[in-house]
Amino acid sequence: MPREESRWQGLGGGCSCWAGVYTVIPVYWRRPVRLAEHLRRLRHSLQDIRLPNPHSDSEWIQLILQLSEQNEGEDQYLYLHIHPEGDWKDWPAHPTRPEAGLYLLDVTNVHNVKVRFVGKMPVFNAVSGRYGYTIQGNRLDIYTLNHPATPRRIASYQAGKNIGGISIDGAHAWLTVGGNSVQLLDLTHPTKPQLLANDQPQNMRQAASIAANGTWAWVVESGHEYYEPDRGVHVFHWHGGRMGDGAHIVWPHNAMQRIVLSGHSAFVTDGYYGTRRPDISKAKKPRLGALFISDGGAQQWLIDRKT
């Protein structure tokens with residue numbers, strides 16, 4: 001098909017960022033395998049995330065059979081990917097009319113989520129107390145949340161390079177900057193954030209996420225390719241008016257995404273294997289800890305009490 005006739009938004013956020021719902025249907029001897037089950041799962045998944053189904057089951061069946069006939073080979077794999085139009089970051093609040101901004105979701109009743117559009121402003125990367133923090137490239141914006149429905153920006157901080165991760169602990173903000181450095185900000189006066197320290201370890205190049213507790217912070221670093229040099233967790237300590245990088249533990253072939261803290265343990269998502277749990281009870285000497293292998297890579301963590 002000529003490119004100008006294609007209606008596939010191949011460069012859209014929904015496709016390139018994998019937002020939406022997809023399924024892969026095997027076809028053997030030009031017969032789709034368990035087509036009814038695939039369509040039922042597709043339909044339920046679209047309902048769960050409130051994304052409109054573009055076709056009825058009968059229309060899907062007709063399209064799938066036509067697609068199979070139009071391509072060579074008795075055995076095939078058909079990939080269906082349904083994604084919202086527009087910017088995927090603005091969905092699922094209004095998947096048919098995405099509008100950039102901030103949305104408040106009332107999940108008191110999980111079966112009837114109520115959405116309120118607050119205004120055209122960025123989504124917060126961190127919230128602590130009465131303040132929200134948004135990363136905009138190399139700039140950190142600070143909002144007051146005294147009136148949650150109408151956040152108001154009160155300050156900005158220029159980090160010099162792109163900010164990758166943020167962790168708020170008390171009156172301190174820990175930032176990973178440029179992939180190879182950590183900055184510590186004093187937020188005692190949120191309207192005037194002040195840089196306290198900037199540390200750039202020689203062996204840190206691709207910082208992915210940061211989590212802080214008191215005067216300690218842990219940064220996970222990940223390579224983009226499976227056979228890149230081993231990465232791991234870097235430990236930083238703010239003491240006596242100075243910040244230094246201490247221990248660095250590594251393990252082979254990782255693709256770490258996020259780190260969160262709970263008690264004496266850190267929980268790290270690994271894009272290859274699942275979940276790792278370093279022991280940070282001795283902050284200066286963290287230990288590798290347990291590995292939970294899942295059927296696929298893990299991307300995010302949410303810790304709720306002991307769960």
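Tutor: Start with Y28. In this predicted model, Y28 counts as partly exposed, because its relative accessibility is 32%. That value lies between the 20% limit for buried and the 50% limit for exposed.

Now the rings. The whole structure holds 3 aromatic pairs. Y28 and W29 make one of them, with 6.5 Å from centre to centre and 70° between the planes, an edge-to-face arrangement. The class follows from the angle, because planes over 60 degrees apart count as edge-to-face.

Another edge-to-face pair joins F124 and Y143, at 5.3 Å centre to centre and 65° between the planes. This pair links distant parts of the chain, 19 residues apart: F124 is in the loop between β5 (114-119) and β6 (126-128), and Y143 is in strand β8. F124 has a relative accessible area of 17%, so F124 is buried. Y143 has 7%, so Y143 is buried too.

Back to W29. W29 lies in the loop between β1 and β2. The backbone there deserves a check: W29 is not a glycine, yet its phi is positive, about 55°. Most residues other than glycine have a negative phi. R34 is a further case, with a positive phi of about 50° although R34 is not a glycine. R34 lies in the loop between β2 and α2. R34 is exposed, because its relative accessible area is 61%.

β1 and β2 run antiparallel and are joined by 2 bridges. In one of these, V27 has P32 of β2 as its bridge partner. The two strands belong to an open sheet of 3 strands, ordered β2-β1-β3, with antiparallel pairing. β2 and β3 stand at its edges with a single partner strand each, so one side of each has no neighbour in the sheet.

What do these strands cover? One answer is helix α3. The cover over the buried residues of α3 includes β1 (21-28), β2 (31-32), α2 (35-48) and β3 (76-82). The buried residues of α3 include W60, I64 and S68. They cover an arc of only 65° around the axis, so they are on the same side of α3. α3 has 14 residues (57-70), which should span 20 Å at 1.5 Å a residue, and its end C-alpha atoms are 20 Å apart, so the two agree.

The largest nonpolar core has 17 residues, and Y133, L140, I166, I168 and L175 touch the most other members. Strand β8 (139-144) supplies at least two residues of this core, as do β7 (131-136), β9 (152-158), β10 (163-169) and β11 (172-177).

Leaving aside neighbours within four places in sequence, I166 contacts N125, A126, Y133, I135, L140, W174, L175 and I210. The bridge partner of I210 is V219 in β15. β14 (207-213) and β15 (216-221) pair in the antiparallel sense over 6 bridges. β14 is mostly covered, with 5 of its 7 residues buried. The hairpin has 2 residues between its strands, and G214 takes a positive phi near 70°.

One last stop is G178. G178 is in the loop between β11 and β12 (181-186). G178 counts as partly exposed, because its relative accessible area is 38%. Not counting residues up to four places away in sequence, G178 touches K161 and N162. The C-alpha atoms of G178 and I163 are separated by 6.3 Å, while the residues are 15 apart along the chain.

Technical notes:
Residues are numbered from 1 along each chain as its sequence is written. This is a predicted model: local features need pLDDT of at least 70, side-chain atom pairs count only at pLDDT 80 or more; totals for chains, interfaces and linings use all residues. Side-chain values use heavy atoms; hydrogens and water are left out. A nonpolar core is a set of buried Ala, Val, Leu, Ile, Met, Phe, Trp, Tyr and Cys residues joined through side-chain atoms within 4.5 Å. Buried means under 20% relative accessible area, exposed over 50%, partly exposed in between (1.4 Å probe, protein chains only). Helices (H or I, at least four residues) and strands (E, at least two) are DSSP runs, numbered from the N terminus. Contact means heavy atoms within 4.5 Å. The expected span of a helix is 1.5 Å times one less than its number of residues. The arc is that of the directions from the helix axis to the C-beta atoms. Rings of Phe, Tyr and Trp (its six-membered ring) pair if their centres lie within 6.5 Å; planes under 30 degrees apart count as stacked, over 60 as edge-to-face and the rest as tilted. Two strands pair if DSSP finds at least two bridges between them.
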